[in-house]
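Hi there,

Here is the structure I promised to pass on to you.

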Amino acid sequence: MIVCVAVVGHQNNPLYIQSFTEADDALKLHHIVHCSLDVVDERVNNPKKSGPTLNETFLGLLYPTENYKVYGYLTNTKVKFILVTTDLDVRDADVRNFFRRFHSAYVDAVSNPFHVPGKKITSRTFAERVSTIVKSFGLSSAG
Amino acid sequence: MGREVSESCVESLLTEMVSSYCTRFYADKPDLAARRIEAIGYQVGHQLSERTQSEPKPVYEANIKPGYTMERPRFSDHLEAIKFICKDFWSELFKKQIDNLKTNHRGTFVLQDNKFRWLSRMSVDPSPENTGSAQDPSTDENKAAQATSMHLYFPCGIIRGALSNLGIPCAVSADISNLPACE
């Protein structure tokens, strides 16, 4: 089950953070997202030869914490998408698919002429699309 | 969510934008008008580059696993980003690629488009002002340059916006050699 998704801009400024559980402390999730930014930077700056190639957008599992798994995705414009989930058996294909749809929702939100680049994304349409994508992620991996 | 408009609408909008900014909004201040138009182009380029670089590339490689759509790989250096502008970005905007790319390997790139779509219907009014003297070819060029220079700020802004979104701060300037003409 997806607990939280976040969009972080290229100066590590948060553009959109949304958590999908009522129980968990929002601050803890923000903290997890913040820590994962370090991992993203490390992956980008020190490419491992055995790891994914330098040019991949999808960064894969960043690090597992006690209850959560954190996945990362980096676009060409240095915008990072972070996904925090509690699922234990998440398929790679599902996460890639999720990020692809999330990326396309993000592009539509940013193309809004009233959106100021660098400020938070305030579009309700974007929030609705994200919650749709999150719900369908849960369904496809449960089936 | 892909709605389309006709190309003539876009060209009319651009022509009207340049004409409004030059004659109505900043009538006595062509520099301010130019900067405003370039700033509009900057934002458009910023947003367009987000959209273009997220679209899946047509798949030619044989080692792609079926069922995956491959997004564009991240650019490893400035040349890759400029090539992206020349090929994919330019095709999205103008349905053709840049005809010629030159560089001095020290940070300057020259992109040459032999048939720039937004200027393909521009003409220069042959004015009867200097009928007394023989027509000087250099004045013709000056008139052409003046007429088109304002129209070039918007595409310059688009390129600057796209490149800065890809992480390359830059300055873009445009130059024009001949307007379309017929014998």
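**The second largest pocket**

Helix 4 of chain B gives the largest share of the lining of the second largest pocket, with 5 residues. Helices (H or I, at least four residues) and strands (E, at least two) are DSSP runs, numbered from the N terminus. A pocket is an open set of points on a 1 Å grid over the protein atoms alone, where a 1.4 Å probe fits, with protein on both sides within 12 Å along at least five of seven lines; lining residues have an atom within 4 Å of a point.

Before going on, please note that this is a predicted model, where local features need pLDDT of at least 70, side-chain atom pairs count only at pLDDT 80 or more, and totals for chains, interfaces and linings use all residues. Residues are numbered from 1 along each chain as its sequence is written, chains are lettered from A and ligands numbered from 1 in the order in which they are written, and side-chain values use heavy atoms, leaving out hydrogens and water.

Back to this pocket: 35 residues line it, and Leu111(B), Gln112(B), Ser173(B), Ala174(B) and Asp175(B) lie nearest its centre. Helix 3, strand 2 (109-112) and helix 4 (137-165) of chain B each supply at least two residues of the lining.

**The largest pocket**

The largest pocket holds about 1500 Å³ of space, a volume being the space filled by probe spheres set on the points, which are joined across faces, edges and corners. Its lining has 30 residues, with Arg3(B), Val5(B), Val10(B), Leu48(B) and Leu93(B) nearest the centre. Helix 2 of chain B gives the most to this lining, 7 residues.

**A hairpin and a buried aspartate**

Strand 1 (residues 100-103) and strand 2 of chain B run antiparallel and are joined by 4 bridges; two strands pair if DSSP finds at least two bridges between them. They form a hairpin with 5 residues between them, and His105(B) in the turn has a positive phi of about 60 degrees. Lys102(B) stands opposite Val110(B) in strand 2.

Asp113(B) sits in the loop between strand 2 and helix 4 of chain B. Is Asp113(B) buried or exposed? Asp113(B) is buried, because its relative accessible area is 18% and buried means under 20% (exposed is over 50%, partly exposed in between; 1.4 Å probe, protein chains only). The side chain of Asp113(B) makes a polar contact of 2.8 Å with the side chain of Trp90(B) and another of 2.4 Å with that of Lys96(B). A polar contact is a pair of N or O atoms within 3.5 Å; within protein, one must be able to donate a hydrogen and the other to accept it, and residues adjacent in sequence count only if both atoms are side-chain atoms.

Enjoy exploring!
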